[in-house]
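Subject: Handing over a structure

Dear colleague,

I am passing on a structure that you have not worked with before, and my notes on what was found in it follow directly below it. Please read them with the structure open beside you.

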Amino acid sequence: MKTNTIQNLDNFSGTILIPVFETYEKSIVPISFNGLEIPAKVFYGKKDTHYAVEQNNAIYLFIGLGEKIDYKSLKTVFRSVSSKQKDKLNTNIALVLPEQFDDNQVEAIVSGLFLGTYDLGHFKSDKKIHPFLESDFVLNLFSEKDYLPTIKKGIKIAKAQLEIYNLVDLPPNNVTPKYLAKWAQETGKKYGFDVEVLDFEASKKAKLGAFLAVGKGSENEPQFVIMNYTPKENVAKIKHIGLVGKGITFDTGGLNIKTSGMLHMKCDMAGGAAVFGAMQLIADLQLPVKVTAIVPCAENSVDAKSFVPSDVIHSYSGHSIEIIDTDAEGRLVLADGLSYLITNYKPEYIIDIATLTGSSVGTFGYECAALFTNNDEISKKLQESGDEIGERLWPLPLWEAYKSDIESDIADVKNYSGKPVAGAISAAKFLEYFTQEHPAWAHLDIAGVAFGDDEFAKSKHATAYGVHLLTKFIENL
Ligand code: BES
Ligand code: ZN
Ligand code: ZN
C-alpha cells in the first residue's frame, strides 16, 4: 500500500471520499465539490447518511458527519464506510481533508477506514479481500495541509487494533497460551522489542505459584510472557512504565464452573491482548519511553489437575493465598505478574488491565471501564487520554474499609470475599496487596468494554479497548 498527496482530482479514477459537516436541511445553498452540486434536500451532511455520484471515472462518496463529531464516532463513521460500502470502494482512494480538520480528526478517519477492513469470518470458506488490503492500494490525500505524518500514525493505530481484534476473536482452540507467546515473539522481532517466555517448568523454577495454580489444569501449557521495549534513540531522563495484562485464553471458571456467560470467555485474554497491542504500537511509534510488559497466559480449565476451592497456594511474592473460588483466577495470575514486574524491573508507573469482574459490568455496563488508583496524576491522565479517544473510564474506591473482604483465617489473603457485593473493588484490593505499596499503580477492569455488540456483527466481538488508551496515556505522560 502507498500514501500520496494530490493537488487535483480532474483526471482521478477511483473513489473520492468527501466528509461533510451538516448544513441546513432546507438550505438553498447546495453542497458543492469539484463542479458537482448536491441540493440540500438530497444530502446535507446528516450523520450516518451518504450520497454517491459517478462522474468521469470517479465515484464521489459524500459522507455525513452531523454538526459536530467526537473521535470515536468519527472513527466509527469511517469504519462503517469502509466495511459496508465496499461496492463503492476500490484500490485507488482519494480522501478529501478540508483544513478545518485537526490532526486528531484525521487520525480517527484514517484509523476507521483501516479498521473497516476487518473480517470477522475467520473460518468462512468464501472470503473476499478488502480493496484496501490489495498490494496495489493507494490512499491519495487531497488537502492543503500536510497530513501525511498523521495519516501514518492513524494507520499504525489501526494496524495494532486489527491485530488485537484477531487475537481476541479467534477461538480458544487456536489462541492458546503458546499462540500468544509466539505472537509476542514474532511481533517483538518485527517491531523491535525483546520477549522472554517462561514455560511451565521455567515458571515453576521462578516460583510463580499463583500463575501456575490457574494454568496447571489445562492441556494447553501456561506461558508467562515478559516484554521489554527501549527506544532506538537515546533519551535523557527516560520514564519507565510497567504494564500487566490478564491473559486467560479461556475461563471455564475452573471447578467452580461457570453457570452463565461461559460462551464469551474467549475474551478473557483481552487485557493481555491490549498490552500486546500497546507494545506493538509503542514500538511502531518509537515512543521515547521504556516499557516492561507482562502477560501471564493460561487457560482456566476443568481437570483432575485443576486447583480446588480451599487450596492454599504460594504466590511469587511469598504470600500465601486461600482459594475461595477458582473462577476468581484473573487476580491470581495478575498477582504474580505484578510481583514479578515490581521485584525484577521496578518501573516508575504501573498499569494493569484485565477483564476481571462481572461486578464492573454491573456497575458501568458496556460504556466505561472501572479505574482504581491512589495516584491522582495517573487517574487524571488516564481519564483525559480515554476521553480524547472515546475509551472511557471512571474511578471506584480502594478504601481501607474494603480490606477485610480479602482477609483469610488460614493464609495471608483469600481470593474472594465470598459475598456477592463490591466484587470489582475487592478484586482491586486483592491486586493492591501485591503491588508492594507502589505509589503509581493503576488497575483497569475492562470486563464490560473489551468485547461487545455493535453494528459490525451479529454477536459480541473484540473492541481492542486499551490498545490506544495505554499508548495515548504513555504518550501524554
Ligand atoms: N473472567 C471473569 C470476569 C468477566 C465477566 C469477564 C464478564 C468478562 C465478562 C472473571 O474471571 C470471573 O469469573 N469473575 C468472577 C469472580 C467471582 C467468582 C469472585 C465474577 O466477577 O463473577
Ligand atoms: Zn473467572
Ligand atoms: Zn476470568
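In this predicted model, 6 strands form an open sheet with mixed pairing, in the order β1-β8-β7-β2-β6-β5; strands here are DSSP runs of E with at least two residues, and helices runs of H or I with at least four, numbered from the N terminus, while two strands pair if DSSP finds at least two bridges between them. The edges are taken by β1 (2-6) and β5 (50-55), each of which has a single partner strand, so one side of each is left without a neighbour in the sheet. On average, neighbouring strands of this sheet are turned by 20° against each other, direction ignored (axes are lines fitted to C-alpha atoms, for helices over the stretch in contact, and angles run from 0 to 180 degrees between N-to-C directions). Within the sheet, β7 (residues 92-96) and β8 (residues 138-142) pair in the parallel sense over 5 bridges, and Val96 has Phe142 as its bridge partner in β8. Helix α3 (residues 148-169) packs on the sheet, where it touches β1 and β8, and its direction makes about 150° with that of β1.

As to the overall division, the protein has domain 1 (2-144) and domain 2 (156-476), with bounds that come from an automatic or database domain assignment. Their centres, taken over C-alpha atoms, are separated by 37 Å, and 18 residues of domain 1 are in contact (heavy atoms within 4.5 Å) with 21 residues of domain 2.

The zinc ion (ligand 2) is coordinated at 2.0 to 2.2 Å by Asp251 (OD), Asp327 (O), Asp327 (OD) and Glu329 (OE); donors are N, O and S atoms within 2.8 Å of the metal (3.2 Å for Na, K and Ca), and since water is not among the atoms, sites may look incomplete. The zinc ion (ligand 2) lies 3.2 Å from the zinc ion (ligand 3), and Asp251 coordinates both. Asp251 lies in strand β12 (residues 247-251) and Asp327 in the loop between β15 (320-322) and α8 (330-345), so the pair ties together parts that are 76 residues apart in sequence. Asp251 is buried, at a relative accessible area of 3%, whereas Asp327 is partly exposed at 23% (buried means under 20%, exposed over 50%, partly exposed in between, with a 1.4 Å probe and protein chains only).

Residues are numbered from 1 along each chain as its sequence is written, and chains are lettered from A and ligands numbered from 1 in the order in which they are written. Local features need pLDDT of at least 70 and side-chain atom pairs count only at pLDDT 80 or more, whereas totals for chains, interfaces and linings use all residues, and side-chain values use heavy atoms, with hydrogens and water left out.
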